[in-house]
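Please examine the sequence and the structure shown here before reading on.

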Amino acid sequence: MKKFFAVVKREYIQRVRSRFFVMATILGPILMFAFAVVPGLMFRINSGGPTRLAIVDQTGRMYERVAKELASENRFGEKSSEKPEGLSFNRDSTGRASQTGRNIKTSFAVEEVRLNGRSLDEVRKDLAARVASKNLDGFIVLPPDLLNGEQPEFRARNTADLFTKSKVENSINRALRSQRMFENGIDEKQIERMSVPVTLDAKDAGGVESKGESSFYLVFGLGLLIYISVLLYGQFVLAAVIEEKETRIAEILFSSMRAFPLMMGKLIGVSLVALTQLAIWAIAFLSFSAWLAGSSFTLPSIPPSAFFYFLLYFLLGYFTYATVYAVVGSMVTTTQEGGQFALPIVMLLVMAFYLSFNIIRSPNSPVAFWASMFPFFAPITMLVRIVTERPPLWQILLSLGIEIGTVIGLMWMAARIYRVGMLMYGKRATIPEVLRWIRQA
Amino acid sequence: MDETRPTLILDGVSKSFGDFRAVSDLSLQVRRGRIFGLIGPNGAGKTTTIRMIVNITVPDSGRIDLFGQPMSTALMDRIGYLPEERGLYKNMRVGEQLRFFAELKDVKGKEADARIDKWLARLQLTDWKQRKTKDLSKGMQQKVQFITSVIHEPDLLILDEPFSGLDPVNVEIMKDTILEQKSANKTIILSTHQMEIAESLCDDVCMINRSRKVLDGKLREIRRSFSRNAVALRFEGHDGLLRDPELVTNVRQVGDDLEVLLVPGMSPQTLLKRLIDADTVVTKFELVEPTLHDIFIAKVKETA
């Protein structure tokens with residue numbers, strides 16, 4: 001037992017003191033923040049000035065309406081971003097954060113181009129030339145029979161810009177609808193009243209707590225954190241095991257203590273490093289939000305139960321994956337080989353992470369259920385379910401039971417493989433060999 | 001502990017890896033306070049034997065008794081082991097590294113610190129205590145590794161190729177240290193393929209080749225029993241008497257010397273007397289004992 005603590009202590013102190021740990025602890029939150037914020041920023045920057053569109057109106061009566069709708073498309077964006085909502089970075093002038101996509105500011109500068117006796121082809125050629133010379137971003141041709149279903153034409157420099165395309169489409173549709181109503185004898189004022197849009201304000205079923213976006217970011221953040229931590233610290237275990245095998249330190253270790261406490265000491269030592277890092281982040285997060293309290297910034301509030309489940313599933317996830325990593329490390333001969341062997345494990349973790357996107361959308365679907373029962377997915381998927389829409393207790397308990405059983409089973413197997421694998425030099429262990437070790441040990 | 005009882009007894013020990021037989025039916029006894037040489041070429045089964053002695057691997061059959069008890073994990077702390085492949089944590093400071101290995105052998109606190117400082121001074125490494133292990137030369141790392149094997153003052157010290165990678169100065173330091181351990185009544189097993197080193201240090205040897213014991217016993221007795229009755233000779237004067245078939249069976253030039261093989265049963269004294277009687281000036285007259293290398297080769301040929 002004393003020797004076990006010696007291993008834990010060495011593993012912990014050496015790692016916590018390392019430059020990597022200090023850097024990762026400081027840079028981790030910055031990087032995560034950047035991952036969330038930068039894409040939004042990019043969209044903003046790219047959109048640049050207003051999109052310049054020319055409209056050729058062959059109906060002779062649609063231009064005004066389309067131009068007005070395009071302008072309002074712009075205004076709507078502003079409107080929804082003014083609505084205070086959870087993680088509200090975009091309230092001040094510099095923040096643009098979170099609400100990527102839906103309200104990217106696409107203002108349009110619209111001009112009407114008349115045929116003035118020229119043929120449509122001539123005008124098209126003329127406008128295409130302007131688009132090519134970049135003094136125009138695109139043009140719309142509204143054909144004479146637009147109101148009876150003839151399709152308009154939209155040409156733009158950047159056809160991949162789906163946001164602009166959908167805005168143009170929506171604007172033309174709305175303009176068409178109003179024009180058709182108008183031509184059917186409904187007066188302007190009525191049309192306006194009929195077109196007042198709604199804005200959804202999402203609340204949970206009890207109507208108590210307004211979750212919405214802040215909850216999405218919370219879930220996403222927790223899932224990402226488990227994914228990254230398990231991956232990172234799992235790889236640490238892999239590297240540590242391979243180091244001991246490559247340098248033959250294992251030989252001295254095994255001549256001083258039994259394999260099982262040695263392996264456990266390693267796994268637990270590294271897990272304490274991870275917990276230290278998470279604790280530092282949690283304290284930083286809490287003091288940051290306390291400091292922000294009352295200012296215009298608000299960070300998403302994390303319910304205490306989420307903290308608890310996060311810790312539980314992080315530890316289970318860590319021990320599941322790190323045990324597998326320890327086994328892989330004891331089977332291979334070099335770090336490169338270890339990387340190759342570890343790839344399928346990483347894939348499992350990546351799958352769990354991507355599944356969580358689906359699960360956030362429908363946390364009680366059969367997919368979500370099965371994914372949260374599979375022990376290699378559950379640490380991420382079950383946590384996501386718990387935080388989005390708490391599943392029945394029996395499901396949580398079942399998944400915990402499966403997870404704990406898996407960890408115990410893996411450790412039982414790992415202890416058998418570890419001892420033999422660590423002392424086998426020169427060649428990589430094959431799967432049949434490994435199975436024999438498990439049976440014989 | 002009973003002085004006459006061997007520290008270590010191997011009785012009919014065998015170990016195979018798949019179809020490969022690493023050690024077959026090996027029996028040997030290591031006595032207390034002596035240096036026991038386990039010698040043989042690379043791949044003979046030395047390291048496997050040692051791994052079974054330090055309880056890293058378990059024999060397929062046979063029995064290992066240590067300090068009068070069957071091998072068990074409880075005895076591990078009384079063994080010091082310097083493996084053939086050196087293993088140290090590259091990024092740890094030398095002092096911390098030694099501290100960790102001391103704790104692994106249940107030596108802690110001030111006691112551990114005192115011993116670490118003593119050993120670092122003894123092996124001229126004091127200045128390196130705070131340096132990272134990867135900054136040390138190979139020879140220095142080896143000395144650090146040696147300290148890890150003696151820090152808990154083990155009763156049985158097992159050294160697998162302790163001199164590889166050391167320069168002549170450090171070889172001497174290491175030899176002195178090993179002899180010191182011996183005079184402290186510790187038992188030492190020295191595994192090596194370098195016969196000359198075994199010759200200069202060991203009291204007893206066991207030769208193994210291709211997993212089997214070829215020969216064992218006290219080094220002096222082994223050499224005597226393999227004596228070929230040869231003399232290394234340098235002299236000035238008439239060499240006619242060397243052609244006397246009643247006295248000499250063979251003469252060959254070895255460097256500056258003549259190696260004279262005497263007729264079996266003939267005493268070297270007789271040769272010396274005859275040389276003096278023949279008015280030669282003898283500048284060198286030395287009985288040639290067979291080297292372990294010679295004995296080994298002869299033995300391997302015999303058993304092949």
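## Basis of the report

This is a predicted model, in which local features need pLDDT of at least 70 and side-chain atom pairs count only at pLDDT 80 or more, while totals for chains, interfaces and linings use all residues. Residues are numbered from 1 along each chain as its sequence is written, and chains are lettered from A and ligands numbered from 1 in the order in which they are written.

## Chain A and its sheet

Chain A contains 15 helices and four strands (DSSP runs numbered from the N terminus: helices are H or I with at least four residues, strands are E with at least two). Of its 441 residues, 31% are buried (20 or more other C-beta atoms within 10 Å of the residue's own, with C-beta atoms placed from the backbone; exposed means 12 or fewer, and partly exposed lies in between).

In chain A, four strands form an open sheet with mixed pairing and the order β2-β1-β3-β4 (strands pair if DSSP finds at least two bridges between them). Strands β2 (108-113) and β4 (153-156) of chain A stand at the edges with a single partner strand each, so one side of each has no neighbour in the sheet. Strand β1 (residues 51-57) of chain A runs parallel to β3(A), joined by five bridges, and A:I55 stands opposite A:I140 in β3(A).

## Positive phi angles

A:K134 counts as exposed because it has 9 C-beta neighbours inside 10 Å.

B:D106, also not a glycine, has a positive phi of about 70°. The loop between α2 (94-104) and α3 (109-122) of chain B holds B:D106, which counts as partly exposed because it has 15 C-beta neighbours inside 10 Å.
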